[in-house]
Amino acid sequence: MFEKLSFIEQQHEELAAKISDPEVMADMDNWRKLCKEHSDMTPIVEKYKEYKTNMNTIEDAKVMMDDPDTDKEFKEMLQDEIAEAKANIEKIEEELKILLLPKDPNDDKNVIVEIRGGAGGDEAALFAADLYRMYSMYAESKRWKTEVMNLSEIGIGGIKEVSFMIEGQGAYSRLKYESGVHRVQRVPETESQGRIHTSTVTVAVLPEAEEVDFEINPADLQIDTYRASGAGGQHVNKTESAIRITHIPTGVIVECQDERSQHKNKDKAMKVLRSRLYEAELQKQQEAIAADRKSQVGTGDRSERIRTYNFPQGRVSDHRIGLTLYKIEAIMNGDIDEIIDALITTDQSEKLKLQGENN
């Protein structure tokens, strides 16, 4: 591990020199790429420097301890210093192991989140709207930008289906664990007997795929236009601005009717389609590497029931990691960092364990 860290530190210094070179700066694309590499290495290098500082503290303290002129009181102080540095080193070594884990290449990408009402009719649609609000508020707390790609509402304030993009640094790294079935248990407003109903909503989190990530053959597409439905006044009945794109080889269908411009709707639909096909390709790769698939904490299986929101008890339980929190109101208002942090920690622990078994 320390040979690898020493090599990374050297690379980091070389990259720092390169990105300051006016000749390298002339090629902006290459310069940005080098800056990104340098930035990715910085947390590892800083943590390694911290490790070396603590090692030096121990060595210096030992030299002074061996000096016959050092008095007893000062030796006791040095022993405390050594104990503290050793405790720091133990902690730093664990942090370095995590920093050196292979990085998910999609972690820095923007995401497209798709939410669909499942079992439970109107109540599922209402909860889909609640989850959309929860993720929107979470994105806002992170200063990320959200943009609706497609929205299909029902009259009582519920959502049949919504696709929206979240743009921001590390959006996929935080939200990728949200894919799966979210279950809600609560008394619907229309329920006169006060009985608790159980409904489900499906969430899919897709990394945004650029054209360079996934190429689509235009010959594989069937593009249809139709009139937008839902709110929108006279324009709804007059303009065929809504777009439906069918990817013929896979049968994947994407619709977009959010914009009044047919061109804008087509652009949005293509973004969603590209990301869906890219995600399907990633799934195939992940399933091919069975051990790696096992090391993931439910990142991608849409049929997996991942979480229950129980309103009468005020609790939210994540079934993958056995976490239960009694703060449903805060969570529904976008305060989901505690759940996400716990999922990331578990995922890292499982990957470290797997790495240990393979070494």
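## A first pairing to find

Start at Ile243, which stands opposite Cys256 in strand S8. Strands here are DSSP runs of E with at least two residues, while helices are runs of H or I with at least four residues, and both are numbered from the N terminus. Strand S7 (residues 242-247) and S8 pair in the antiparallel sense over five bridges; two strands count as paired if DSSP finds at least two bridges between them.

These strands belong to an open sheet of three, in the order S6-S7-S8, with antiparallel pairing. Its edge strands, S6 (221-226) and S8 (252-256), each pair on one side only. From one strand to the next, the twist averages 15°.

## About the model

This is a predicted model, in which local features need pLDDT of at least 70 and side-chain atom pairs count only at pLDDT 80 or more, while totals for chains, interfaces and linings use all residues. Residues are numbered from 1 along each chain as its sequence is written, and side-chain values use heavy atoms, with hydrogens and water left out.

## The chain as a whole

The protein chain has eleven helices and eleven strands. Of its 359 residues, 42% count as buried; buried means under 20% relative accessible area, exposed means over 50%, and partly exposed lies in between (1.4 Å probe, protein chains only). Among contacts with a separation of 6 or more, 62% come from residues 24 or more positions apart. A contact means heavy atoms within 4.5 Å.

## The eight-stranded sheet

Another open sheet has eight strands, in the order S2-S3-S1-S5-S4-S9-S10-S11, and its pairing is mixed. Strands S2 (145-154) and S11 (323-325) are its edges, each pairing on one side only. Neighbouring strands are turned by 15° against each other on average, direction ignored.

Within this sheet, S2 and strand S3 (residues 158-167) run antiparallel, joined by nine bridges. You can look for Ile154, which stands opposite Gly158 in S3.

Helix H5 (residues 121-141) lies across strands S1 (111-117), S2, S3, S4 (180-186), S5 (197-207) and S9 (305-310), running at about 20° to S3. Such angles run from 0 to 180 degrees between N-to-C directions, with axes fitted to C-alpha atoms, for helices over the stretch in contact. H5 has 21 residues and reaches 31 Å from its first C-alpha to its last, close to the 30 Å expected at 1.5 Å a residue; the expected span is 1.5 Å times one less than the number of residues. Buried residues in H5 include Phe127, Leu131, Met134, Tyr135 and Tyr138.

Arg143 sits in the loop between H5 and S2. Its phi is near 60°, a positive value in a residue other than glycine. At 79% relative accessibility, Arg143 counts as exposed.

## Two helices side by side

The axes of helix H3 (residues 28-66) and helix H4 (residues 72-99) come within 9 Å and cross at roughly 155°. H3 and H4 are therefore roughly antiparallel to each other, a label for angles over 145 degrees, with under 35 called roughly parallel, 65 to 115 roughly perpendicular and the rest oblique. Their crossing is left-handed, meaning that the near helix is turned anticlockwise from the far one by less than a right angle.

Lys47 lies in helix H3 and is buried, with a relative accessible area of 17%. Leaving aside neighbours within four places in sequence, Lys47 is in contact with Ile92, Glu95, Leu96 and Leu99.
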